Each structure stands twice: as C-alpha cells, then as structure tokens.
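Here is my note on this model, point by point. Please keep the sequence and the 3D view open while you read.

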Amino acid sequence: MSHASGVSRGDRNRNARLGRLREAVPVTNAIVGIDLADTKQMLVVCDHDSKVLARRTFRCKAWDLGKALDWAADRATRAGYTGVTVACEPTGHRWRVLGQLAADRGMSFVCVQPMLSSWARKTEDLTIDKTDDKDAVLIARLTAQLRCYLPEPVDETWGRLRHLGQRRARLLGVHTESVQQIRALLECVWPAALETAKHPFKSHTWIAALHVIVSRDGGDLALSRRRGLARFEHQVGRELIRRGYQRPCRRIVTRLFTALDDPAGVLEHRRSAFERISWILDDFDHAHTQLVEVDQRLVAVLDELGLTELVTSIDGLSAVGAAAILAETGDLTRFTSARAVVKHAGLAPRERMSGAFTGRARLTGAGRPELRAAAWRAVWGCLQNNQVHAARYRHLTTRETNRLKPTQAQAVVAAGLLRQLYAIVTTRQAWSPDIASTGSRPVATVVHLEAIAA
C-alpha cells in the first residue's frame, strides 16, 4: 500500500486499465453491440445507459458488415453522437473480420468475454433467455460499464507465431492420442511388447520394430518369428535408416523378437488390432514429421522477432518451448505486469478472505488453457537444467509448513517461469540467476540457491 496516496499498486493498474478503456469507449460515442453469426448479424445502437437508439438485422456474411457499420454510424450521428464504438464477442473468426472493418472506418473496437456475457444473461431477468436481440443489447450494456477489453493489436509476425502455436498444439494432441491408442491396443492383444523397452514410445528402435511387425509382416507374429532374428534386425535397421536414424538398439530388438512367442493377450483380436495399429502408426509418424517442421518454423519466427537469444538465456527453456508460450500470450509488452500474464494463464492464486476468515488459496484455472499447457511443458526442462527453479521446486515440496504436492509445485514454477519470461522480454535483459532467485545481483548465486533450498 502506498502511504503517500493511499492507493495500492492494484488500484493504479486498474485505474490505468479503465483509462485505456474509456479512451476506446468515450461518452461522446454511441455503442454498437453486434451479435455475430454465420449469415445473420444483429446490430443495436445504444447510449451509455444501454437505451436502444436503433436496431436492425442484416442477412449477410461477416465480410459484408461494412454497410451495417455505416448504417450504425449514421444512426449515432442523428442521435447527436460524434462517433461509435463497436463491440462484440470474440467468437470464431468473425470478430477479427469485424475489427478490420471497424479499423478501416476509424471506429473504436472492443470485445466482451462470452463467459461474462453468460453470467450477465443469468442476472438480467432470471429467465436465462438467449436470443440474438437480447445478446446484442447485453454486449452494448457491458461495454458501457467498461466490462470489456481491447483485443490484441493485429501484427503479421505475431499472428503467424500464434497460428503456428495452434498447429503445434494440435499435432501434439494427435501424437499423444496415437500413443495412448497404441498402448491400449497392445495391452489388450500383445502386452509383452510394452515390456521390451523402458520407454517404448521414446525409443526409435522400438517404433521401427513395431512398424516392421504390423505393417511389413501384416501383424503375423509367427511369420516374423520364422524369418529369424538376423533378418528381423536387418529389417528394423532399414526402417530406422528410412526414418533418418542410424543403428538399432540390439537389446530392444532381441527382446521384441523374443516377445513374438508370448501367448498373453486376446489372440482372436490380434490380427485386427495390428491392422488398426498400422494405421495409427502412420498418423503417429505424420504428426511427428509435421511437428518437426512446425518447430523449425516457430524458431524462425522467434529469430525474426529477435527474441531467440533472449528467451533461451533462461536455463532449461528451449527456443521451441519459449515460442509455444509466446504463441499463446502474444506480444508480452501489451501486458501491464507479470501478474497479468500469470492471470491470463490461470495460474494466479485465488484469494478467499472475509473479515478474520482466510480460506485456502487455489489456482483460478481461468484464462487460456493452451498457455497453461505450454508453460507446464516448459517446466520439465527447467526442473532438470535450471538450478533456480529446481531449488524452488525442492523447497516447495520439502518445507515443513504448507508443503505442496509435486503437481502444485510445478504449477508454482510454471507461474514463476512466465513472470521471468515477461521480465526479460519487456526489459530486453538476459535472464540472471541472481535476480531470479532473490531479485538482486550482488550476492553470489550459490548462496541464494542454498538459502532457497534451506
């Protein structure tokens, strides 16, 4: 709390945010609330008391809304307003189209969170009615109350990074789904195959051998067995070379060849399950190939932004991991504080205090789940290669009071990683273990780490 003004830092940040919103929604502007759909667009022109000045339905696509905005501007001028502020919900791609049309006409443009609209709809008249007419008015009313936000500015490079991040998240989903399906099918028809390697789906030899069995031999384990170990190993080696790798691991090949005689599993379903596994392996290989290409493009965009060397100064954070995070946050300079980024990811603690009562703090879980997942994935590398984050994790999981579970501690480390990423990107200063551990440079890093671990 500031003793000079009696205004907290949170108050100052909130006041600044409201000031920016007031510039986009001045009292001299009428508010155009738009409920977007495919071919039916509902527009209402309202004042700041949400009184409807004009209403009209346009049967057109989003790209044809220019005439609707011109109509709304004309109605606002007739009512004595000097301009209009366009507001909508960010659903699908149509809000981006509307934002472009508004920018071409010099109109202010804001968005209202659909979740906020849903809550407001329930409190409107307790009927939970949902119609295009009511939703358009509700959007305008929330905008008049400044319960809206300014969308991220359009930038070609950052926009490409965001699309590549979405593509990478999709490929990771396909990759993980393929692994789970193959594991489930093998547990049913040939469980011995999963015991031949400690981490089978991380072994290139195991994947190549499975491909030889289910694709080249048609899932006929007896045929694979009759060909002998030497020929089986030769085929696995050729498959590995085709995939871009060198020699196979003989230990895994031998174990998998021995498992060909294992009778465990539902034998009647083996042939059909192997046929299905061959198709899933194709999806697995395709997703992996595409993932490598997308990762390379992500790093190239990061180089174009001049951030690669800066973000990889954080020990344990790869360029791909940082690019995946920035693809979800966008330009970090648009956030007012590091805490805002953490809130955006849903990793900020939710306080519960009333009078003398203090409840247990939990993570909000709101925000962007894709950003939360990207930060979570980046934590694993940091815990292995970053002494500061590793010490923090050990402290959180071993302290006497309020000891956290491993997953809780990983969430705390993920939030700390986002704060540090925000700091180095906005200040353009490389990551420092001294500052990351205690916030000051002069003291030796080792002393800080020992103090944290203690």
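1. Start with the domains. Their bounds come from an automatic or database domain assignment. This is a predicted model, so read every value below as computed from it. The protein is divided into domain 1, residues 20–149, domain 2, residues 163–294, and domain 3, residues 306–438. How far apart are the centres of domain 1 and domain 3? Taken over C-alpha atoms, the separation is 36 Å.

2. Next, look at the sheet. Strands of a sheet pair through backbone hydrogen bonds, and the pairing is either parallel or antiparallel. Here five strands form an open sheet. Their order is β3-β2-β1-β4-β5, and the pairing is mixed. Which strands stand at the edges? They are β3 (52–58) and β5 (108–111). Each has a single partner strand, so one side of each is left without a neighbour in the sheet. From one strand to the next, the twist averages 20 degrees.

3. Now follow β4, residues 83–88. Strand β4 pairs with β1 in the parallel sense, over six bridges. Strand β4 also pairs with β5 in the parallel sense, over four bridges. Trace a few partners by eye. Ile31 has Thr85 of β4 as its bridge partner. Thr85 in turn has Ser108 of β5 as a bridge partner. Val86 is bridged to Phe109, also in β5.

4. Is β4 covered or open on its faces? Both faces are covered. Gly83, Thr85 and Ala87 are buried on one side. Val84, Val86 and Cys88 are buried on the other. That is six of the six residues in β4.

5. A helix lies over this sheet. Helix α5, residues 132–144, lies across β1 (29–35), β2 (41–46), β3, β4 and β5. Helix α5 runs at about 140 degrees to β1.

6. Check the loop between β2 and β3. Ser50 lies there. Ser50 is not a glycine, yet its phi is positive, at about 60 degrees. Is Ser50 buried or exposed? Ser50 counts as buried because its relative accessibility is 12%, and the cut-off for buried is under 20%.

7. Asn402 lies between α16 (387–398) and α17 (406–427). Asn402 is not a glycine either, and its phi is positive, at about 55 degrees. Asn402 is exposed, with a relative accessible area of 58%.

8. Then the cysteines. A disulfide is a covalent bond between the sulfur atoms of two cysteines. How many disulfides does the structure hold? The number is zero. Take Cys148, which is in no disulfide. The nearest cysteine sulfur belongs to Cys111 and is 8.8 Å away, whereas a disulfide needs the two sulfurs within 2.5 Å. Cys148 counts as buried, at 11% relative accessibility. Cys249 is partly exposed, with a relative accessible area of 26%.

9. Helix α9 has 15 residues. At 1.5 Å a residue, they should span 21 Å. The expected span uses one less than the number of residues.

10. After α9 comes Gly244, with a positive phi near 95 degrees.

11. Val214 counts as buried, because its relative accessibility is 4%. Which residues does Val214 touch, not counting residues up to four places away in sequence? They are Gly219, Phe274, Ile277, Ser278 and Leu281. Pick out Phe274. Val214 and Phe274 are 60 residues apart in sequence. In space, they are 5.4 Å apart, C-alpha to C-alpha.

Notes
Residues numbered from 1 in each chain as written. Predicted model: local features only at pLDDT ≥ 70, side-chain atom pairs only at ≥ 80, totals over all residues. Heavy atoms only, no water. Buried < 20%, exposed > 50% of the residue type's maximum accessible area, 1.4 Å probe, protein only. Pairing = 2+ DSSP bridges. Helix = DSSP H or I, 4+ residues; strand = E, 2+ residues; numbered from the N terminus. Axes fitted to C-alpha atoms, helices over the stretch in contact; angles between N-to-C directions. Contact = heavy atoms within 4.5 Å.
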